[in-house]
Protein chains: 2
Amino acid sequence: MQRLAGSWRRRGRRVALVPTMGFLHEGHLSLIRRARRAVGSRGIVAVSLYVNPAQFAAGEDLSRYPRDLPRDTRLCRAEGVDVLFAPDDASMYPAAGGGFSTLVEETAVSRTMEGASRPTHFRGVTTVVGKLLHITQPDLAVFGAKDFQQAAVVRRMIRDLNFPVKLILAPTVREPDGLALSSRNNYLSPDERAQATILSRSIRFARARVRRAREPIPAASLKQELRKLIATQPAARVDYLEFFHAATFEPAPAAARGIHFALAVFVGRTRLIDNGRL
Amino acid sequence: MQRLAGSWRRRGRRVALVPTMGFLHEGHLSLIRRARRAVGSRGIVAVSLYVNPAQFAAGEDLSRYPRDLPRDTRLCRAEGVDVLFAPDDASMYPAAGGGFSTLVEETAVSRTMEGASRPTHFRGVTTVVGKLLHITQPDLAVFGAKDFQQAAVVRRMIRDLNFPVKLILAPTVREPDGLALSSRNNYLSPDERAQATILSRSIRFARARVRRAREPIPAASLKQELRKLIATQPAARVDYLEFFHAATFEPAPAAARGIHFALAVFVGRTRLIDNGRL
């Protein structure tokens with residue numbers, strides 16, 4: 001893959017990478033289309049498909065994470081993807097030569113929210129994204145806004161370490177009822193699936209409250225209202241609710257227009273995330 | 001610099017990077033010549049010159065580290081270096097946008113010897129070398145064998161993170177009396193300078209002992225002999241003596257042919273290192 005990427009570069013082809021964990025849905029396809037738009041018909045769209053063990057903690061859903069390489073391959077082909085890069089664990093983290101021992105870690109933006117709930121998650125993400133960027137050497141990398149903090153962590157890594165790549169953030173794709181697309185929606189029972197709309201409804205609720213209010217709403221009190229709303233769904237359990245400044249990821253003491261809102265909610269055993277600008 | 005590097009790549013020029021902290025001596029010049037030999041007359045030799053604060057701990061010699069950019073520039077020009085990249089701290093570690101927050105850390109090879117004596121040193125090295133590789137995008141990077149562990153840590157980082165670059169290790173250059181060239185030799189008083197040969201004499205002593213011995217010498221007992229030898233120099237104080245396997249950096253319980261030996265010794269206030277294969 002790296003040799004192929006080198007040959008693209010030597011021929012001056014523009015390359016966009018869409019890193020995924022596979023089990024592609026319309027959200028991924030929208031990233032692929034965004035990548036194609038960015039590089040044009042003569043450019044290269046590369047999709048990586050790798051369920052990266054390093055970003056799952058013990059007890060998380062690594063072993064049951066959904067996989068379907070033949071289907072993903074068909075979808076990529078139908079979208080005109082030039083290369084689908086689907087390495088195995090042995091080639092990404094070789095055991096030979098003393099084993100794998102290098103980590104890339106972002107230490108500011110990665111500490112709150114997903115980073116607080118999943119302490120080793122972002123270190124796994126930045127390490128594997130660093131590897132994928134070196135292997136595919138793209139001009140552009142496309143990330144989805146559903147994983148908003150992930151994109152911010154990767155953006156910070158790219159800036160701090162001077163990776164010669166530009167990050168493009170593409171909007172979240174939603175079901176008609178508002179649920180953000182995610183491979184993990186696949187885990188939900190029909191009843192949980194119905195209750196899972198509580199995440200996007202929470203964002204709309206917060207946005208409406210902020211836009212009606214004459215002045216910023218103290219974060220603690222809006223969180224209380226949101227917890228009450230989420231508690232109407234019996235299968236839902238809040239992991240975190242956070243108001244923050246999107247540029248710095250500093251928590252916002254009050255919710256107002258332009259402040260970003262993110263939340264993680266367990267629906268049954270499935271942990272879902274969503275976010276939006278208020 | 002990154003734009004320039006991109007234009008070299010698009011034109012298919014072979015690029016070699018020689019990362020330095022400046023105050024160039026014959027050791028650095030030998031790396032530059034090695035780089036030229038590797039890329040040929042049509043290739044690009046880039047030298048980076050940056051005294052990286054992140055690899056110095058508080059109380060180390062960052063502020064008094066010797067600097068002479070005009071002289072370094074003349075030396076590079078005389079060697080036919082194509083680009084001398086000498087960034088300042090504000091461009092390497094910008095304070096804007098929430099500050100610098102991403103680290104690259106090697107967690108195995110970096111733990112012993114220099115890593116044990118200087119716990120944050122290699123994290124600073126791998127982070128800045130990662131940045132320099134992204135900024136200059138070389139095909140080859142040339143490191144000196146005097147900093148043997150540093151080269152091993154960087155080699156491991158390159159392998160683990162799939163940097164598209166090959167590391168070349170160039171031999172240590174020595175004064176006629178055996179002292180390994182180092183910008184830090186500049187700190188030595190004439191009397192300390194005379195005593196500083198104890199490092200290379202220790203390597204020769206260990207090598208001779210091993211080659212005369214019928215069987216491997218227990219590391220502990222050879223270390224005792226070496227401590228006695230070094231104690232003959234009143235200004236010398238051992239920081240560490242280590243026998244290890246060069247490929248894995250695992251400590252060797254016994255010294256024998258092919259085992260690597262490294263040492264760090266304070267001569268007065270100046271900390272010097274050296275190493276060699278037995």
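Predicted model: local features only at pLDDT ≥ 70, side-chain atom pairs only at ≥ 80, totals over all residues.
1. The predictor's scores for the complex are an ipTM of 0.95 and a pTM of 0.96. For chain A the pLDDT averages 97, and 100% of the residues score at least 70.

2. In chain B, five strands form an open sheet in the order S3-S2-S1-S5-S6, with parallel pairing. Strand S3 (83-85) and strand S6 (166-170) of chain B are at the edges with a single partner strand each, so one side of each has no neighbour in the sheet. From one strand to the next, the twist averages 25°.

3. A closer look at one pairing in that sheet: strand S1 (residues 15-20) and strand S5 (residues 140-144) of chain B run parallel and are joined by two bridges. If you want a spot to check by eye, B:Leu17 stands opposite B:Ala141 in S5(B).

4. On to the interface. Here 29 residues of chain B are in contact with 29 residues of chain A. On the chain B side, helix H1 (2-10), strand S4 (102-106), helix H6 (121-136) and helix H7 (148-160) each supply at least two residues. S4(B) gives the largest share, five residues. Sorted by class, the side of chain B that touches chain A has ten nonpolar, twelve polar and seven charged residues.

5. What does S4(B) pair with? Its partner is strand S4 (residues 102-106) of chain A, in the antiparallel sense and over five bridges. Within this pairing, A:Glu106 stands opposite B:Thr102.

6. Back in chain A, helix H3 (residues 69-78) has two faces worth a look. The buried residues of H3(A) are A:Asp72, A:Leu75 and A:Cys76. They are on the same side of H3(A) because they cover an arc of only 100° around the axis. An α-helix has 3.6 residues a turn, so residues three or four places apart point the same way. Exposed on the other side of H3(A) are A:Pro70, A:Arg71, A:Arg74, A:Arg77 and A:Ala78.

7. And what covers the buried residues of H3(A)? The cover includes helix H2 (26-39), strand S2 (44-49) and strand S3 (83-85) of chain A. One backbone detail to finish: A:Gly80, which follows H3(A), has a positive phi, near 75°.

Terms used. Residues numbered from 1 in each chain as written. Chains lettered and ligands numbered in written order. Contact = placed C-beta atoms within 7 Å. Helix = DSSP H or I, 4+ residues; strand = E, 2+ residues; numbered from the N terminus. Nonpolar A, V, L, I, M, F, W, Y, C, P; charged D, E, K, R; others polar. Pairing = 2+ DSSP bridges. pLDDT = per-residue confidence, 0-100. Buried ≥ 20, exposed ≤ 12 C-beta atoms within 10 Å, placed from the backbone. Arc of directions from axis to C-beta. Axes fitted to C-alpha atoms, helices over the stretch in contact; angles between N-to-C directions.
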